[in-house]
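Hello,

Here is the structure I promised to pass on to you. Have a look at it first, and then read my notes below.

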Amino acid sequence: MKDNSETTEEESYVLPSWRVNQIILIAVRFLTDEGYYEDGFDYQKAIQNKGILLKAYSAFKPENLLELQKISLSLWKEGLCLVATDSETQQVCRMIAYNDSKTAAEIMQIIFHEYGHILFGHTEQCPNAEAEAILFSAIATFLMIAEQQFHIGQLVAKDGGGERFFEGIKAGLMENFGTQGVML
Ligand SMILES: [Zn+2]
């Protein structure tokens, strides 16, 4: 993602292969558990059902958005991700905001990216966290688009369920990349 609005960070980060495999599995597991292959699956609802507030950039005043971007966990400016603890109730508030002037596919990519930050428990902006969120989003978006186009997950689900799909991908990763001991 070479977008000059994205980040001023020059440093790049290469994820180790065991972590790449782990993130692939986490993305597949997340979507499989949510039944992403079912008709009418709504990824935004699935994320909201996890207690995460989803908001469009257009719902904010521009100056407020700039302030929020400063404390966002994400370096990517098309979306932001906040995890804050309410000082009175001690409740953890999690919010994802996204640039809603983008296309539906881009918005999906943004929201998955920010969700990745939350899922992985990132606590600060850093190239490592960005690399993880980018990979998570790429895998999840790919699965969603592949589903829309080819209904792969739906075919597999009819033929034995999501669990087998997940186990199949896990086995394939281990076989092809020699990963050992990927635990989730
Ligand atoms: Zn990010």
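**How the helices cross**

The crossing of H4 and H5 is right-handed. Please keep in mind throughout that this is a predicted model. The axes of these two helices, H4 and H5, come within 8 Å and cross at roughly 130°. That angle makes H4 oblique to H5. On the H4 side, the residues in the contact are Met-108, Gln-109, Phe-112, His-113, Gly-116 and His-117. They meet a set of residues in H5 that includes Ala-129, Phe-136, Ala-140 and Met-144. Sorted by class, the contact of H4 with H5 holds eight nonpolar residues, six polar ones and one charged one.

The axes of H1 and H5 come within 9 Å, and their crossing angle is roughly 45°. H1 and H5 are therefore oblique to each other. Their crossing, too, is right-handed. By class, the contact of H1 with H5 has 13 nonpolar residues, no polar ones and one charged one.

**The chain as a whole**

Going along the sequence, their order is α-α-β-α-β-β-α-α-α-α. The chain has 184 residues, and 28% of them count as buried.

In soluble globular proteins, nonpolar side chains tend to be buried together. Here, the largest nonpolar core has 31 residues, and those with the most contacts inside it are Ala-27, Phe-136, Ile-139 and Ala-140. Which elements give two or more residues to this core? They are helix H1 (17–33), strand S2 (79–85), strand S3 (92–98), helix H4 (104–119) and helix H5 (127–150). H5 gives the most, with nine residues.

Leaving aside residues up to four places away in sequence, Ala-27 touches Phe-136, Ile-139 and Ala-140.

Leu-143 lies in helix H5. Is Leu-143 buried or exposed? Leu-143 counts as buried because 22 C-beta neighbours lie inside 10 Å, where 20 or more are needed. Not counting residues up to four places away in sequence, Leu-143 touches Val-28, Leu-31 and Tyr-36. Leu-31 and Leu-143 are 112 residues apart in sequence, yet their C-alpha atoms are 8.3 Å apart in space.

The second residue is Ile-47, in helix H2 (residues 43–48). Ile-47 counts as buried, with 22 C-beta neighbours inside 10 Å. Its contacts, again without residues up to four places away in sequence, are Ile-52, Leu-54, Ile-111 and Tyr-115. Between Ile-47 and Ile-96 there are 49 residues of separation in sequence and 9.6 Å in space, C-alpha to C-alpha.

**Two places in the loops**

Gly-35 is found in the loop between H1 and H2. With 14 C-beta neighbours inside 10 Å, Gly-35 counts as partly exposed. Gly-35 and Ala-46 are 11 residues apart in sequence, and their C-alpha atoms are 9.4 Å apart in space.

Gln-90 lies in the loop between S2 and S3. Gln-90 is exposed, because 7 other C-beta atoms lie within 10 Å, and 12 or fewer count as exposed. Its backbone is also worth a look: phi of Gln-90 is near 65°, a positive value in a residue other than glycine.

Best wishes

Terms used
Residues numbered from 1 in each chain as written. Predicted model: local features only at pLDDT ≥ 70, side-chain atom pairs only at ≥ 80, totals over all residues. Core = buried A, V, L, I, M, F, W, Y, C linked by C-beta atoms within 7 Å. Helix = DSSP H or I, 4+ residues; strand = E, 2+ residues; numbered from the N terminus. Contact = placed C-beta atoms within 7 Å. Axes fitted to C-alpha atoms, helices over the stretch in contact; angles between N-to-C directions. Parallel < 35°, antiparallel > 145°, perpendicular 65-115°, else oblique. Left-handed = near helix turned anticlockwise from the far one by under 90°. Nonpolar A, V, L, I, M, F, W, Y, C, P; charged D, E, K, R; others polar.
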